[in-house]
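Okay, thanks everyone, let's get going.

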Amino acid sequence: MRITRVLSASLLMLGLAVAPAAADSSPTPTDSASADADAPTRAGTSFRTATEIEQGRTATASGSTGDYLYWSFPADSGQRPTVKATVKLPQTHATQTWQVDVYDGLRRRQSCQYGSQTRTAAAGVADVELACTLRTVRAWSEAWANDPLPGTYYLRLTAVGVGTADLGLPVSTEVRVDSKDIGGAAAVDGSLAEPLVPGIAVKSQADEDGSKDSSPVLSAIEPEDGWASGWWSDRWVWTVIGGALAALAGVGGYTLTRGSGRPSRVPPGA
């Protein structure tokens with residue numbers, strides 16, 4: 001009977017723990033048309049002038065073959081961003097090779113786990129599609145490592161090895177960033193004091209000095225629920241499950257080893 005009560009309490013705790021996880025994992029329906037209504041329609045020409053975009057929205061821009069087009073987007077710990085870019089080429093062009101590169105907040109080039117980061121469009125092809133899936137963003141990393149860290153990421157799109165005849169030809173581009181939440185599998189013991197976003201050092205220094213001057217902060221975007229918002233992960237669920245199983249094992253072991261008590265034939269003083 002005691003074991004039944006303990007088991008019921010453990011299952012109740014497990015249900016309470018799993019409920020927030022199920023709520024967080026369920027996607028929120030959004031209207032794609034309204035989500036992209038206010039998306040940027042231009043691109044920057046350098047890291048400092050990169051156009052800020054939010055994840056889940058398709059940004060567009062017009063440019064010329066040979067230009068460097070830059071966008072920036074936020075990525076938080078536990079996310080695995082996937083960058084997709086589509087370049088619509090002019091009707092008449094020679095063979096062109098396009099490439100998309102992604103840099104983190106320290107402007108370190110990040111490698112792609114998979115995806116067509118570089119593709120070549122033959123003469124007359126109408127468009128070229130590129131994709132790059134990054135490694136999972138970690139909450140903390142060693143200083144010597146090149147692991148993706150929370151903060152601003154830069155997307156650079158350009159044509160490489162373009163012939164002289166194609167330089168300056170008009171092109172139109174579409175870029176989109178989506179992320180998959182990896183959860184507790186990517187959790188690490190540690191976190192950054194601040195996300196790697198442009199201007200964060202200037203802002204932090206102003207806060208410490210108590211100055212009321214509006215410090216220039218170059219990055220105005222952040223995840224929808226704020227930085228490091230994904231504190232909940234399935235690691236909590238497995239921790240609760242492990243604790244419940246350990247408690248049940250302890251109660252069961254005690255019940256099996258304690259016996260039925262003092263035999264009735266043995267006097268109390270024996």
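Predicted model: local features only at pLDDT ≥ 70, side-chain atom pairs only at ≥ 80, totals over all residues.

Some more on the chain as a whole. There are 270 residues, and 35% of them count as buried. On secondary structure, we have four helices and eleven strands. If you take contacts between residues at least 6 apart in sequence, 72% of them join residues at least 24 apart.

Now the sheet. Five strands make an open sheet, and going across you read S2-S11-S4-S9-S7, with antiparallel pairing. Which strands stand at the edges? Those are S2, residues 58–64, and S7, residues 112–114. Each has a single partner strand, so one side of each is left without a neighbour in the sheet. On average, neighbouring strands here are turned by 35 degrees against each other, ignoring direction.

S7 pairs with S9, residues 127–134, in the antiparallel sense and over two bridges.

The structure holds four aromatic pairs. Take Phe47 and Tyr103: that pair is edge-to-face, 5.2 Å centre to centre, with 90 degrees between the planes. Phe47 sits in the loop between helix H2 (32–35) and strand S1 (51–52), Tyr103 is in strand S5, and the two are 56 residues apart. Buried or exposed, then, for Phe47? Buried, with a relative accessible area of 19%, where the cut-off for buried is under 20%. Tyr103 counts as buried too, at 10%.

Phe47 also pairs with Tyr154: the ring centres are 5.2 Å apart and the planes are at 85 degrees, so this pair is edge-to-face. Tyr154 is in strand S10, residues 151–160, while Phe47 is in that H2 to S1 loop, so the pair ties together parts 107 residues apart in sequence. Tyr154 is buried, as is Phe47. Bring in Tyr70, and Phe47, Tyr70, Tyr103 and Tyr154 form one aromatic cluster.

Arg107 isn't a glycine, yet it has a positive phi of about 60 degrees. Arg107 lies in the loop between S5 (96–103) and S6 (109–110), and is partly exposed, with a relative accessible area of 43%.

That's my tour, over to you.

Note on methods: Residues numbered from 1 in each chain as written. Heavy atoms only, no water. Pairing = 2+ DSSP bridges. Axes fitted to C-alpha atoms, helices over the stretch in contact; angles between N-to-C directions. Buried < 20%, exposed > 50% of the residue type's maximum accessible area, 1.4 Å probe, protein only. Contact = heavy atoms within 4.5 Å. Phe/Tyr/Trp six-rings, centres within 6.5 Å; stacked < 30°, edge-to-face > 60°.
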